[in-house]
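The stops below go from the interface to single elements and then to the confidence values.

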Amino acid sequence: MSIDFKETTPATTETPRKKKRKIKIGHLVINFWLIFWAVLSVIPMLWLVLTPSKTDREVSYKNPLSFASFHGYVRAWKNLQDFNSGVLARWVLNSITYNLAIVLIASVTASLAGFVISASRIRFKKAFLISTLIMMLVPPVALVIPLFIEMNKANLVDNPMSVVLISSLYPFGAFLAYIYYSSTIPPELYESARLDGCSDFRLYTKIAFPLSYPLLALLAFFAFVGNWGNYFMPYIMLQSPTNYTLPVGLGALFFSTPAINPGNGATSVPILKPEIALAGILVAVPVMIVFLISQKRLIRGMLAGSIKE
Amino acid sequence: MRQGRRYKPKNLLMILMLSPYLLLLFFFGILPLIMAVFNVPSKSPSNPNGGWGVIKIVFKDFRLLPAAEHVLGFMALFVPLMIIFVVAMSLMLDMNTAPWKKYVRLAYIVPACVSGSVAVLLWYALLEPTLSPFKGIMHWMGITQATQIWKTSNLTFILVFMAFFSLAGQWILIQFGSLQSISTEILEAARVDGCNQFQLATKIKLPLIRKYVIYMGVLVFAGGLQIFVEPQLLNSSVYHGIAQQWSFDQLSYSLAFDNGNFGEASALSLMLLIPSLIGALLVIFKTDMFEDVTLKSPKKMHKEALKREAAKA
């Protein structure tokens, strides 16, 4: 615990030993608090991961952070699979396919937009950037009702295309790509390639794209993390249970089974707390894995355009 | 000028490459707003003759004031709590040079994976005295029944905890990242001048990360104003009636999908969009957060990036 704590304040009546002790206590308090918050951050996820190992009765009576058996996970998984003729598998598949499509469309369109803004001399660049920044800072929830009206007019309600298309608008990604291309590829490189007869499309495919793999990974990461757990948009747009995503399906499990609210009445297959927790794991764990692997990228990305390393 | 003309046909290709994003921006960013504006004066059950009088009707809706009270109460607690806690924690984390710091950072990111329906499930479990991992503490505090916690009067605090817990960790890491970007020369100079750690934090680091704190404040404010998923799920699935039209967005949702009143719902959505837009414009034009990227040319940005690389080396 080698904390660099140079004390260079003017001399006081305190002896150096007293001062040192005060600093040590200060560090101890800070370290304790940092670790305490870390433990507190992990406990709920730990509960979620351990709950399917127990039976519904054990969930209430056993130690909440105890492990019962691996058989519990198998039982909960089987029950979930049998629920509503295996609709859970459909939700998993929907989540994967919708997210794949969103990640692909969003990353490609954002990367192209960022490249064009950094490498071209098109008009209204500033207006475009400012509108992108505005879209980036306005929470997507604010536009849900207007978007529903639009999708309704386009006959796309209850069609997965509505969720895929809406979620593929990725202003943050376009902005990130613009920053990346502007600060990593020298404009002189584009100019000399142009003089050699390179078309703008080839500029992208032969110069910018091969140099932007880290950017594409970052774009895909943020697009995935932002959309995998999204509840509101698919909840509004998709009405048939077979079209649901996992988070919306989890919400449906809340109000159609007695797992959380016993007043909902029994289901043909026992969907209780362990089953609900397992469904929760399916939603949370993919994001957690991606987050843990890429936390440094998250920080750099969130501060894109403003952080000076 | 001449060069611009020479590349004119090539710009067409650039515009074509930009068009997929532009189409998405137009159809799912700008057009819905235009449609919402046109939809406001349309005929609806509460506004049979149509017209902009619907805004007055929204203001007179008996559910609007309680929703405003709930959301403003929520924001009054949530926004300052987030800002103070996140800044304090990131400063503490930045001060600490222990090798275990990276594991602590990993732990802080875990709650960020839990949002929407999973967050509701977790908080239901955390606050249920028979299920909670903290049931020992709850029993010690005399809380043995769920009804002692799950009531409408407590909902503001429950939702503040939920939102705070989900978001604080990732913002701590982001602010920590901004603190890490402060030049070591500045910090060294301040130390030589006699700054202790507290003075260093309050007089040097905090002013230098001010714009990131404002950025966080605006995003947290705009997000908090649009709270929907948590109260909606709690109300519809966990405790029926506990959060009926509790927030603005729930009211807007109820107007649209329970009452079929899309005119009023659009009017409310647009009214809610205004503070978010003002916040966004404030961040863009009144802080220097995005000054570099909106005003500087890519050439200048690239030169600066090179300079930074050289300084690092």
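Start by selecting the interface: 102 residues of chain B are in contact with 98 residues of chain A, two residues being in contact if their C-beta atoms, placed from the backbone, lie within 7 Å. On the side of chain B that touches chain A, the most residues, 19, come from helix 2 (residues 8-39) of chain B. Colour that side by class and it shows 64 nonpolar, 29 polar and 9 charged residues. Here Ala, Val, Leu, Ile, Met, Phe, Trp, Tyr, Cys and Pro are nonpolar, Asp, Glu, Lys and Arg are charged, and the others, Gly among them, are polar.

A note on what is loaded: this is a predicted model, in which local features need pLDDT of at least 70 and side-chain atom pairs count only at pLDDT 80 or more, while totals for chains, interfaces and linings use all residues. Residues are numbered from 1 along each chain as its sequence is written, and chains are lettered from A and ligands numbered from 1 in the order in which they are written.

Next, show chain B as a cartoon. It has 16 helices and 0 strands; these are DSSP runs numbered from the N terminus, helices being H or I with at least four residues and strands E with at least two. Of its 313 residues, 43% count as buried. A residue is buried if 20 or more other C-beta atoms, placed from the backbone, lie within 10 Å of its own, exposed if 12 or fewer, and partly exposed in between.

Select helix 6 (residues 116-126) of chain B: 11 of its 11 residues are buried, among them B:Trp123 and B:Tyr124. What covers these residues? The cover includes helix 1 (16-50), helix 13 (246-256) and helix 14 (273-293) of chain A, as well as helix 8 (155-180) and helix 12 (229-238) of chain B.

Now go to B:Lys203, in helix 10 (residues 197-208) of chain B. Is B:Lys203 buried or exposed? B:Lys203 counts as exposed because it has 12 C-beta neighbours inside 10 Å. Its C-alpha atom is 9.4 Å from that of B:Ala190, 13 residues away along the chain.

Over residues 1-5 of chain B, pLDDT stays under 50. Where pLDDT is low, the predicted coordinates should not be read in detail.

Methods: pLDDT is the predictor's confidence in each residue, from 0 to 100.
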